[in-house]
Structure formats: structure tokens, C-alpha cells
Amino acid sequence: MSEQQEQAAPDAVMTRIGQVVMLHHAGDREEARHRFLQLWAEIGEDGDPLHRCTLAHYMADAQDDPCDELAWDLRALGAAEELSDDRLAAHEGALAVRALYPSLHLNLAADYVKLGRSDAARTHLRRARGAADALADDPYGEGVRAAIGRMELRLGDGGSPGGSAWGPPRQRP
């Protein structure tokens, strides 16, 4: 396979994943799940970690059962652990590997909250918070940090180990 064909194949898979994400966001969860499963069968358990991470991340969001959502989020984290920055750099517009972890751990924290497992949720919330320094000061990073803050409030977690929670600076009277 030529170098040009090798570079086009990952983009084609990511494009297909994106198309299914749009279907899901349009409200057709069942069809999205069906198409995600078809893609998962094509990619395979040992396929490209970027494809598996991305697909599992979005497949988790298409689940109705919290246990199934957790299983897909765990697959996404496992695939992320196999990724290299070089592989991500080959995909246009991709983040650094370490910038994926805050969101992946936050998703796991949310899964564990749904399952009533607050200790596991707090563990993943701490991991999300600890990895958040990798986030850029852009809308994505701000959104993930805000979601971490909301999860801290939900779990009654006081924020960072120093005791200060994230958020805007306090207004002085």
C-alpha cells in the first residue's frame, strides 16, 4: 500500500465515525449504536488505537444501560493508553494523547455516579483533575474543566488536593 493510501485510510475511518456521531446527535440512538457496532467489527479489538478510542468514546454516549456505557468508556481509556503522540499527530486536528485523559476519566466518573459507586467516581474525578493540566486554554479545555468542576460539586469533592476548586476567581466586595 502506498504512503498516500495509508494516510487516507485512517481519515476515512474517522470520517465514518464522525458521520455516525452526527446521526446520534440528530436523535437516532438505535441506528447510531448499530452503525458503531458495524464499525467496531471492522476495526476489531486490536485495530488502530485512535479509531478504537474515538469509536468507543462515542459508542458509550449512545448506550441506554449505564453498565454498557461504562464498558465502552473503559474500552476508550484502554485504547488511549495504547496511543502515541505520533499516531495522533498523523490525524489532522488531533489533540496530544495526554489531553484525552481528563475527558476519558471524567466520563468514567460520570458512569460510576450513575451506578452508585461514588468511591470509584471520585477516583476517576481525581485522575481527570490531575490530568487537566494537559488541556489547552481553548473552548474544549474550558469545557472539560467546567465539567470537572460540576462533577466535583455533584460528588461534594472539594477540588484539588490544595483545597481550592476550579472556577472563575472570586469577586471581591
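1. **Basis.** The model is predicted, so local features need pLDDT of at least 70 and side-chain atom pairs count only at pLDDT 80 or more, while totals for chains, interfaces and linings use all residues. Residues are numbered from 1 along each chain as its sequence is written, and side-chain values use heavy atoms, with hydrogens and water left out.

2. **Fold.** The protein chain has eight helices and zero strands. Along the sequence the pattern reads α-α-α-α-α-α-α-α. Helices here are DSSP runs of H or I with at least four residues, strands are runs of E with at least two, and both are numbered from the N terminus.

3. **Burial and surface.** The chain holds 173 residues, and 44% of them count as buried. Buried means under 20% relative accessible area, exposed means over 50%, and partly exposed lies in between (1.4 Å probe, protein chains only).

4. **Contact range.** Take the contacts between residues at least 6 apart in sequence: 55% of them join residues at least 24 apart. A contact means heavy atoms within 4.5 Å.

5. **H3 with H4.** Helix H3 covers residues 49–61 and helix H4 covers residues 66–80; their axes come within 8 Å and cross at roughly 160°. H3 is therefore roughly antiparallel to H4. Axes are lines fitted to C-alpha atoms, for helices over the stretch in contact, and angles run from 0 to 180 degrees between N-to-C directions. Angles under 35 degrees count as roughly parallel, over 145 as roughly antiparallel, 65 to 115 as roughly perpendicular, and the rest as oblique. The H3 and H4 crossing is left-handed, meaning that the near helix is turned anticlockwise from the far one by less than a right angle; clockwise would be right-handed.

6. **Make-up of the H3 and H4 contact.** H3 contributes Pro49, Arg52, Cys53, Leu55, Ala56, His57, Met59, Ala60 and Asp61, and H4 contributes Glu69, Trp72, Asp73, Arg75, Ala76, Ala79 and Ala80. By class there are 10 nonpolar, one polar and five charged residues. Nonpolar covers Ala, Val, Leu, Ile, Met, Phe, Trp, Tyr, Cys and Pro; charged covers Asp, Glu, Lys and Arg; the others, Gly among them, are polar.

7. **Glu45 beside this pair.** Glu45 sits in the loop between helix H2 (29–43) and H3. Beyond its neighbours within four places in sequence, Glu45 contacts Trp40, Arg52 and Arg75. Glu45 and Ala79 are 34 residues apart in sequence, yet 9.3 Å apart in space, C-alpha to C-alpha.

8. **H6 with H7.** The axes of H6 and H7 come within 8 Å and cross at roughly 165°. H6 is therefore roughly antiparallel to H7. Their crossing is left-handed. From H6 come Tyr101, Pro102, His105, Leu106, Leu108, Ala109, Tyr112 and Val113; from H7 come Ala120, Ala121, His124, Leu125, Arg127, Ala128 and Ala131. The classes are 12 nonpolar, two polar and one charged.

9. **H6 with H8.** Helix H6 (residues 101–114) packs on helix H8 (residues 139–155) at an angle of about 30°, with the axes 10 Å apart. H6 is therefore roughly parallel to H8. This crossing too is described as left-handed. The H6 side has Pro102, Ser103, Leu106, Ala109, Ala110 and Val113, and the H8 side has Tyr140, Val144, Ala147, Ile148, Met151, Arg154 and Leu155. That gives 11 nonpolar, one polar and one charged residues.

10. **Leu125.** Leu125 belongs to helix H7 (residues 118–131). Leu125 counts as buried because its relative accessibility is 0%. Leaving aside neighbours within four places in sequence, its contacts are Leu106, Ala109, Ile148, Met151, Glu152, Leu155 and Asp157.

11. Tyr140 is in helix H8 and is partly exposed, at a relative accessible area of 35%. Ala147 is also in helix H8, but counts as buried at 18% relative accessibility. Tyr140 and Ser103 are 37 residues apart in sequence and 9.9 Å apart, C-alpha to C-alpha. For Ala147 and Ser103, 44 residues apart along the chain, the C-alpha separation is 8.9 Å.
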